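Subject: Structure for your review

Hello,

Here is the structure you were to receive. Please look through it first; the notes on what was found come after it.

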Amino acid sequence: ASQPPLPLFLLCFARPKMIPRLLPLMLLTAYVAAKDEDSQGFDGIPDLGRKNCPKFKCSGGYTPVQKLRPKFESSGCNSMGSGMVYSGMSNSELPSAPCCDQWHACYQVCGSTKRLCDESFKKCADKACAEVADEKIRKDCEQQVSVSSMMLGFDDCRKFDSAQLAACQCVESSSVKRQRKDVIKGFYKKYVPGGLDESKIASLAEKADQNSKMAGLLLKLLTKYPKAIKQVKDPQQAKMEEMMKRAKEVPKPREKEEEVEELFDDSEETQEL
């Protein structure tokens with residue numbers, strides 16, 4: 001039976017040489033999808049959807065703060081954005097893998113912004129690709145990062161908003177300072193051997209006196225201690241991998257001896273005669 005046709009974004013990475021020819025069609029497809037969904041993060045072709053998403057806010061008297069015992073998870077490069085691309089490689093094989101992990105974690109830091117996360121990914125991934133010695137792998141890496149960044153530009157705010165909702169907690173103003181200190185202390189205790197003494201934790205909490213500064217501190221810690229980001233399997237990614245696996249499978253030609261035996265195997269008919 002013939003295999004079903006591959007979706008456009010899968011086809012690109014099954015056959016990387018087709019990207020330059022398919023890029024205009026991908027742009028048009030993403031534009032139409034964004035318009036059809038009336039997504040709040042898309043603001044027309046000129047900005048490619050890079051208008052920043054609104055920050056998470058709490059009602060009067062409360063301040064958004066990172067939840068205690070935060071969990072930072074990454075499902076890899078192949079599950080970024082909505083309808084993201086599949087490279088045909090496992091996440092650990094991709095030169096840009098650490099950048100993708102940081103992108104996922106950035107969305108999960110209360111007080112971060114979508115634009116900051118997306119632009120930081122592009123900068124990190126470009127650097128990772130440039131450091132690859134093998135020319136073919138480097139070019140493939142650059143192609144993937146280019147398309148990934150483009151797709152992030154078309155993405156709306158839903159994924160970012162969902163991550164912020166899960167990461168932030170609305171806390172009374174009188175408790176904000178204490179919770180920030182507890183978050184910093186918990187991070188060092190769990191992910192940094194030996195932790196950090198109370199005076200240094202208190203000093204960091206004093207400096208992180210705004211939501212944006214606290215977010216900046218956590219992003220620096222995640223970059224310095226990437227093992228704090230747990231690797232998870234995305235269900236959609238697993239389906240993509242299975243589709244790519246089926247697409248790459250080529251039926252093996254039957255051995256001539258087996259075909260001959262089947263064609264001339266009339267033992268049953270001979271017995272009946």
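**The ring cluster and its surroundings**

Phe 187 has a relative accessibility of 3% and so counts as buried (under 20% relative accessible area; exposed is over 50%, and partly exposed lies in between, with a 1.4 Å probe and protein chains only). Before going on, note that this is a predicted model, in which local features need pLDDT of at least 70 and side-chain atom pairs count only at pLDDT 80 or more, while totals for chains, interfaces and linings use all residues. Residues are numbered from 1 along each chain as its sequence is written, and side-chain values use heavy atoms, with hydrogens and water left out.

Rings of Phe, Tyr and Trp (its six-membered ring) are taken as a pair if their centres lie within 6.5 Å; planes under 30 degrees apart are stacked, over 60 edge-to-face, and the rest tilted. The count by this rule is 5 aromatic pairs. One of them joins Phe 187 to Tyr 188, edge-to-face, with 6.5 Å from centre to centre and 80° between the planes. Tyr 188 is buried, as is Phe 187. Phe 187 also pairs with Tyr 191: the centres are 5.0 Å apart and the planes at 55°, so this pair is tilted. Phe 187 and Tyr 191 are 4 residues apart in helix α7 (residues 176-191), which puts about one helical turn between them. Tyr 191, at 22% relative accessibility, counts as partly exposed. Ring pairs link Phe 187, Tyr 188, Tyr 191 and Tyr 225 into a cluster.

**Overall make-up**

The protein chain has 12 helices and 4 strands. These are DSSP runs numbered from the N terminus, helices being H or I with at least four residues and strands E with at least two. Of the 273 residues in the chain, 39% are buried.

**Core and helix α9**

A nonpolar core here is a set of buried Ala, Val, Leu, Ile, Met, Phe, Trp, Tyr and Cys residues joined through side-chain atoms within 4.5 Å. The largest one has 42 residues, and Phe 121 and Leu 222 have the most contacts inside it. Among the elements that each supply at least two residues of this core are α3 (97-107), α4 (114-130), α7 and α9.

Leu 222 is one of the buried residues of α9, which also include Asn 211 and Met 214. Leaving aside residues up to four places away in sequence, Leu 222 touches Phe 72, Gln 102, Ala 105, Val 109, Phe 187, Ala 228 and Ile 229 (contact means heavy atoms within 4.5 Å).

**Pocket**

A pocket is an open set of points on a 1 Å grid over the protein atoms alone, with protein on both sides within 12 Å along at least five of seven lines; lining residues have an atom within 4 Å of a point. The second largest pocket is lined by 13 residues, and Gln 102, Leu 116, Ser 120, Phe 121 and Thr 223 lie nearest its centre. Two or more lining residues come from each of α3, α4 and α9. The largest share, 7 residues, comes from α4.

**One backbone point**

Arg 69 is not a glycine, yet has a positive phi of about 50°. Most residues other than glycine have a negative phi. Arg 69 sits in the loop between β1 (62-66) and β2 (72-74), and is exposed, with a relative accessible area of 72%.

Regards

How values were computed: On a 1 Å grid over the protein atoms alone, a cavity is a set of points where a 1.4 Å probe fits but cannot get out, and a pocket is an open set with protein on both sides within 12 Å along at least five of seven lines; lining residues have an atom within 4 Å of a point.
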